[in-house]
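The structure is shown first.

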Amino acid sequence: MRVGLIGVGLLGSAVAERLVKAEHDVRAYDLDPDRLRQASELGAQPVTSAPEAVAGCEAVLTCLPDGKAVLALAREPGLFEAFSPGCVWIDLTTCAPREACSLASLGATAHVSVLDAPISGGSALVRRGGALVLVGGEEGAFASVRTLLGDLSSRVRYLGPSGSGATAKLVSNLVLGLNRLALAEGLALAESTGLDATEMLTLLQESAAYSRVMDVKGARMAERRFEEPEARLRQHLKDVELILALGQEHEQALPVSSLHAELLREAVRCGRGDLDNAAVIEALRSSSEPSASSQGEPRS
């Protein structure tokens, strides 16, 4: 199948790798020339514009930073005109449900079916084919690209009308993010008492407190390995902001997520936004360190 792919960052490059391995003809476009070169090395054919990526394709996938970027792309002159009849737009971006519905409406006006299909799982999990794809939109459009999505991941779930996939992804990210935060707080406490973080992680993995996030992020936290991110911290802050907005829209209090957002904002302010999202532990470590003004003060 000829597939257009717009956006080949961390997640998009993993998507490109999966599709090329499944022998799809992937036309890739990104504003960043370095990312395009990397996509070419993976086996995708780089193109010079979004309409060129779309032209002649049976499906188009977008993997962009946020919903605003996706809607801006949809409003680019000539984009929808470049779609072939029957081509389905599959948006993998994590965005607000209302943004997903807006994109679907724009597509309907241009006679293009749009699916919101955000991916639950980082780039490493996508490369292994184990991520979860959460799909909302027209069921007929989903059926027409079900095989393609199966090549992307062994786990694909259709959830209902437009916006359903986006909503489920935010709920999933809420729970995942708080699991990660709970692990970070536990390891930070262990360290502050003098326990070895790596040994404590092993103990937690054997205990009733176990969660899969320990396997994925625990070693990074214990060893302070945040470079070469699988998912950037600033991107998760964006997701938590969307989660809080969704809660406000539906009058659902989210007090723990509100605190999580503050810790993530502090991490970004301290220059950790482009690190792996496991670096949230550094915000907790920093808050437990004595301030410069208190160092050297006599204890009462």
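**Overall form**

The model is predicted. Its protein chain contains 15 helices and nine strands. The radius of gyration is 21 Å, close to the 19 Å that the globule rule gives for 300 residues, so the chain is as compact as a globular protein of that length. The C-alpha trace spans about 75 × 45 × 40 Å along its principal axes. Of the 300 residues, 49% are buried. Among contacts between residues at least 6 apart in sequence, 67% join residues at least 24 apart.

**Nonpolar cores**

The largest nonpolar core consists of 32 residues, and Val15, Leu61, Ile90 and Leu92 have the most contacts inside it. Helix 1 (residues 10–21) gives the most to this core, with four residues. Apart from this core lies another, of 28 residues, which includes Leu233, Leu263, Leu264 and Leu275.

Which residues does Leu61 touch, not counting residues up to four places away in sequence? They are Val3, Gly4, Leu5, Ile6, Val15, Leu19, Ile90, Leu92, Leu148 and Leu152.

**Helix 4**

Helix 4 covers residues 67–74, and its buried residues are Gly67, Val70, Leu71, Leu73 and Ala74. Seen down the helix axis, these buried residues fall within an arc of 155°, so they line one face of helix 4. In general, an α-helix has 3.6 residues a turn, so residues three or four places apart point the same way. The cover over the buried residues of helix 4 includes strand 1 (2–6), helix 3 (50–54), strand 4 (59–62), helix 5 (79–82), strand 5 (88–91) and helix 6 (97–109). At the start of helix 4, a side-chain oxygen of Asp66 comes to within 3.2 Å of the backbone nitrogen of Lys68.

| Residue | Relative accessible area |
|---|---|
| Thr62 | 0% |
| Leu149 | 0% |
| Asp239 | 8% |

Thr62 belongs to strand 4. With a relative accessible area of 0%, Thr62 is buried because the cut-off for that class is under 20%. Leaving aside neighbours within four places in sequence, Thr62 is in contact with Ile6, Leu73, Trp89, Ile90, Asp91, Leu92 and Thr93. Among these contacts of Thr62 is Leu73, itself one of the buried residues of helix 4.

Leu149 sits in helix 9 (residues 146–152). At 0% relative accessibility, Leu149 counts as buried. Beyond neighbours within four places in sequence, the contacts of Leu149 are Ile90, Val133, Val135, Phe142 and Val156. The C-alpha atoms of Leu149 and Val88 are separated by 12 Å, and the two residues are 61 residues apart along the chain.

Asp239 has its place in helix 13 (residues 233–249). Is Asp239 buried or exposed? Its relative accessible area is 8%, so Asp239 is buried. Not counting residues up to four places away in sequence, Asp239 touches Thr94, Leu170 and Asn173.

Technical notes
Residues are numbered from 1 along each chain as its sequence is written. This is a predicted model: local features need pLDDT of at least 70, side-chain atom pairs count only at pLDDT 80 or more; totals for chains, interfaces and linings use all residues. Side-chain values use heavy atoms; hydrogens and water are left out. A nonpolar core is a set of buried Ala, Val, Leu, Ile, Met, Phe, Trp, Tyr and Cys residues joined through side-chain atoms within 4.5 Å. Buried means under 20% relative accessible area, exposed over 50%, partly exposed in between (1.4 Å probe, protein chains only). Helices (H or I, at least four residues) and strands (E, at least two) are DSSP runs, numbered from the N terminus. Contact means heavy atoms within 4.5 Å. The arc is that of the directions from the helix axis to the C-beta atoms. A polar contact is a pair of N or O atoms within 3.5 Å; within protein, one must be able to donate a hydrogen and the other to accept it, and residues adjacent in sequence count only if both atoms are side-chain atoms. The radius of gyration is taken over C-alpha atoms; the globule rule is 2.2 Å times the number of residues to the power 0.38.
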